[in-house]
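Reader: I am new to this structure and would like a close look at a single part of it. Please take the nonpolar core and the helices around it.

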Amino acid sequence: MYITAAVLSVLLALVTLAAGAPKTMLKGDVSAGLQSHMGLSAGLVRFIGLAEVAAAVGLVVGLFWQPLGIAAAVGFGITMIGAVGFHAKVGDYADPATRGNAMAPIILTLVSAATAVTLALAM
């Protein structure tokens, strides 16, 4: 079970780092889209990015101390549930042009739940 937990943790950490770093620096299309399309402030976008980077660090450290990895996976999952709410609020799931990008938080919520469960079972 530990190998599965490690693979999920590393993959999720890579995704969260890749998603969070540009938001932290307020660079790229995603940060601009969050501000213009979703109506989020620059400070909130930066906070979300920092939370994602912290989740990546927690997931990697959680390979050696599972409680931190579980907390990071759960925290990231909660962040993604919030993202699903924001996508629903602006109607991204009803619009075929934006539906594909809006599906990522749903998938990442499921992966973070699977990561948390496998880390808990590996203890």
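**The core and its helices**

Author: L59 touches S9, L12, A13, T16, G69, A72, A73 and T115, leaving aside residues up to four places away in sequence; contact means heavy atoms within 4.5 Å. This is a predicted model, in which local features need pLDDT of at least 70 and side-chain atom pairs count only at pLDDT 80 or more, while totals for chains, interfaces and linings use all residues. Residues are numbered from 1 along each chain as its sequence is written, and side-chain values use heavy atoms, without hydrogens and water.

L59 belongs to the largest nonpolar core, which has 15 residues; L12, L59, F76, M80 and L108 touch the most other members. Such a core is a set of buried Ala, Val, Leu, Ile, Met, Phe, Trp, Tyr and Cys residues joined through side-chain atoms within 4.5 Å, where buried means under 20% relative accessible area (1.4 Å probe, protein chains only). At least two core residues come from each of α1 (2–25), α3 (42–61), α4 (66–89) and α6 (104–122); helices are DSSP runs (H or I, at least four residues), numbered from the N terminus. The largest share, six residues, is supplied by α4.

The buried residues of α4 are Q66, G69, I70, A72, A73, F76, G77, M80, A83 and H87. Their cover includes α1, α3, α5 (96–102) and α6. Just after α4, G91 takes a positive phi of about 80 degrees.

Technical notes:
Buried means under 20% relative accessible area, exposed over 50%, partly exposed in between (1.4 Å probe, protein chains only).
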